[in-house]
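Me: Hi! Could you walk me through this structure?

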Amino acid sequence: MIENQEELRRRLEESGALQQGHFALSSGLHSGYYMQCALFLRFPGNASFAGKLLADSVRVLKPDFIVSPALGGLIVGHEVARHLCVPFIFCERREGLMQLKRFPHPDSGRFVVVEDVITTGGSSLETARVILSKGKVFWAATACIVDRSDGNACLPEPLISLWNVSFPNYSPEDCPYCKQGIPLTRPGSRNS
Ligand SMILES: [Zn+2]
């Protein structure tokens, strides 16, 4: 598992999904790290790598289907389902509410919610609640590539992740990178 974690971290860095430096986040806070999992998942080999590891972790729970919140969970959720040979469905936000728009509501079965990155767990929780609102379904687990919740996700156990990590954020006044005079990068704006 340690080897897998090192391999995951290497792939996150190589794809640009995990960057170190000095970043101004959309929250207004500064950080020495920036993560954008879509950059990792743009390479199908990475999606398959993470999907297989997560599938191996949840197989024992015998899920009948995988459900993900759009957009973040779509690619990795589909990969997990592919490795488990079970169906994949997704919920999406419409006018602020998570909904199951494109699929018949499952009337039975065990499901795992799959996300790319979990920070608060809010989207995963809403997705599970949509599925739990009808039928005799059972929420077996939540699984993600990176758990950034620092143990504070609003999710029941088990929460399975390939990497558990939290990156400290700073207000600009207290930012150690500002004090060192390291140039500030705004991720999302083109800087290359
Ligand atoms: Zn700073």
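Me: Great. What should I know before we start?

Reply: This is a predicted model, where local features need pLDDT of at least 70, side-chain atom pairs count only at pLDDT 80 or more, and totals for chains, interfaces and linings use all residues. Residues are numbered from 1 along each chain as its sequence is written.

Me: What is the order of the strands in the open sheet of 3?

Reply: The order is β1-β2-β9, and the pairing is antiparallel. Strands here are DSSP runs (E, at least two residues), helices are too (H or I, at least four), and both are numbered from the N terminus. Two strands pair if DSSP finds at least two bridges between them.

Me: Which strands stand at the edges there?

Reply: β1 (18-24) and β9 (169-170), each with a single partner strand, so one side of each has no neighbour in the sheet.

Me: How many bridges join β1 and β2?

Reply: There are 5, in the antiparallel sense. L18 stands opposite M35 in β2, and A24 has H30 of β2 as its bridge partner. The two strands form a hairpin with 5 residues between them, and G28 in the turn has a positive phi of about 95 degrees.

Me: And how many bridges join β2 to β9?

Reply: Strand β2 (residues 30-35) is joined to β9 by 2 bridges, running antiparallel. S31 has N169 in β9 as its bridge partner.

Me: Switching topic: what is the strand order in the sheet of 6?

Reply: That open sheet runs β5-β4-β3-β6-β7-β8, with mixed pairing. At its edges stand β5 (97-99) and β8 (159-164), each with a single partner strand, so one side of each lacks a neighbour in the sheet. On average, neighbouring strands of this sheet are turned by 25 degrees against each other, direction ignored.

Me: How do β3 and β4 run, parallel or antiparallel?

Reply: Strand β3 (residues 65-69) and strand β4 (residues 88-94) run parallel, with 4 bridges joining them. I66 has F88 in β4 as its bridge partner.

Me: Now helices. At what angle do α3 and α4 cross?

Reply: The axes of helix α3 (residues 44-58) and helix α4 (residues 74-84) cross at roughly 60 degrees and come within 8 Å. Axes are lines fitted to C-alpha atoms, for helices over the stretch in contact, with angles from 0 to 180 degrees between N-to-C directions. The two helices are therefore oblique to each other (under 35 degrees counts as roughly parallel, over 145 as roughly antiparallel, 65 to 115 as roughly perpendicular, the rest as oblique).

Me: Which residues make the contact?

Reply: Among them are A47, A50 and L54 of α3 and I75, V76 and V80 of α4. Contact means C-beta atoms, placed from the backbone, within 7 Å.

Me: Which strands does α3 lie across?

Reply: α3 lies across β6 (108-118), β7 (136-147) and β8, running at about 140 degrees to β8.

Notes:
Contact = placed C-beta atoms within 7 Å.
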